[in-house]
Amino acid sequence: MARIEDSPWAVSVAQVASRAGQSKPIDATFPAPSGIGDEIVGVDEGADVQVAGSFDSIVDGLILSARINAPVHAECTRCLKPIQRDWGVNVTAFFPYEDKSAGKGGSGRNGGKAAEEEVDIVAGEDESEDTYPLLEGGSWADLEALLRDTLVEELPLQPLCKPDCKGLCSQCGIDLNEQPDHRHDVTDIRFAALEGLKARLEGNG
């Protein structure tokens, strides 16, 4: 059976777990999990994702406040040029301690046959915070799900290569960023439309 400490996304938090008022800084690089983004916007599987912040302990769990940075590949939605840039977002995530009422076997993925249960009422938990489990009795935090959720949910849906991207000419596809003075007069547009109509009619004939 694979050990949680062998996971590339595991962070040891044993020194601050169950001790309210403690803080553990984190500044590390993790591989991007699989299944992030699509052919338009995404992060390549295994790409370096930087997490910098801290785990802060409260009565019922740990709060992770961090900045996540990742190299994002995208396609400009106006001019269709490929984009490769660093992207970052601030996150706050809550890692509650195990519900002691779940039994000695513990809860979650490492609790043997015990059912995985969520704590219904957690002091300090904020509705805006995502919740993730602590593993091995609260000794480890696994950031795989957090990274996947953050990158899937927060990546921009309509990326632009630059804020004032002019896009492509709707008539001929010329990049208007490279030729900002490019224009078609009315005669050219009408002629192109007639040629297109003629081609379609001939194709149907």
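Predicted model: local features only at pLDDT ≥ 70, side-chain atom pairs only at ≥ 80, totals over all residues.

Modeller: E4 and E5 run antiparallel to each other, paired over nine bridges; two strands pair if DSSP finds at least two bridges between them. Strands (E, at least two residues) and helices (H or I, at least four) are DSSP runs, numbered from the N terminus. The two strands make a hairpin, with two residues between them, and serine 57 sits opposite leucine 62 of E5.

Residues are numbered from 1 along each chain as its sequence is written, and side-chain values use heavy atoms, with hydrogens and water left out.

Now for the aromatics. A pair of rings is described by the distance of the centres and the angle of the planes. Here rings of Phe, Tyr and Trp (its six-membered ring) pair if their centres lie within 6.5 Å; planes under 30 degrees apart are stacked, over 60 edge-to-face, and the rest tilted. That rule gives two aromatic pairs. Phenylalanine 55 and phenylalanine 95 have ring centres 5.7 Å apart and planes at 65°, so this pair is edge-to-face. It bridges distant stretches of the chain, as phenylalanine 55 belongs to strand E4 and phenylalanine 95 to strand E6, 40 residues apart. The second pair is phenylalanine 95 with tyrosine 132, a tilted one at 6.0 Å centre to centre and 40° between the planes. Since phenylalanine 95 is in strand E6 and tyrosine 132 is in the loop between strand E7 (130-131) and E8, this pair ties together parts that are 37 residues apart in sequence. Put together, Phe55, Phe95 and Tyr132 make up one aromatic cluster.

How buried are they? Buried means under 20% relative accessible area, exposed over 50%, and partly exposed in between (1.4 Å probe, protein chains only). Phenylalanine 55 is buried at 0%, phenylalanine 95 is buried at 0% too, and tyrosine 132 is buried at 6%. Look at the neighbours of phenylalanine 55 as well: leaving out residues up to four places away in sequence, its contacts (heavy atoms within 4.5 Å) include Val11, Ile26, Leu62, Leu64, Phe95 and Leu143.

Nonpolar side chains tend to be buried together in soluble globular proteins. A nonpolar core here is a set of buried Ala, Val, Leu, Ile, Met, Phe, Trp, Tyr and Cys residues joined through side-chain atoms within 4.5 Å. The largest one has 40 residues, and those with the most contacts inside it are Val43, Phe55, Phe95 and Leu143. At least two residues of this core come from each of E2, E4, E5, E6 and H1, and E5 gives the most, with seven.

That brings in helix H1 (residues 144-154), whose buried residues are Leu146, Leu147, Thr150 and Leu151. They cover an arc of only 115° around the axis, taken from the directions from the helix axis to the C-beta atoms, which puts them on the same side of H1. An α-helix has 3.6 residues a turn, so residues three or four places apart point the same way. Among what covers those buried residues are strands E2 (23-31), E4 (48-58), E5 (61-75) and E6 (82-96).

E8 pairs with E9 (residues 140-142) over two bridges, and leucine 135 is opposite tryptophan 140 in E9. In the loop between E8 and E9 you'll find glutamate 136, which has a positive phi of about 55° although it is not a glycine; at 39% accessibility it is partly exposed.

One caution: pLDDT, the predictor's confidence in each residue from 0 to 100, stays under 50 over residues 100-128. For the protein chain the mean is 79, with 75% of residues reaching 70 or more.
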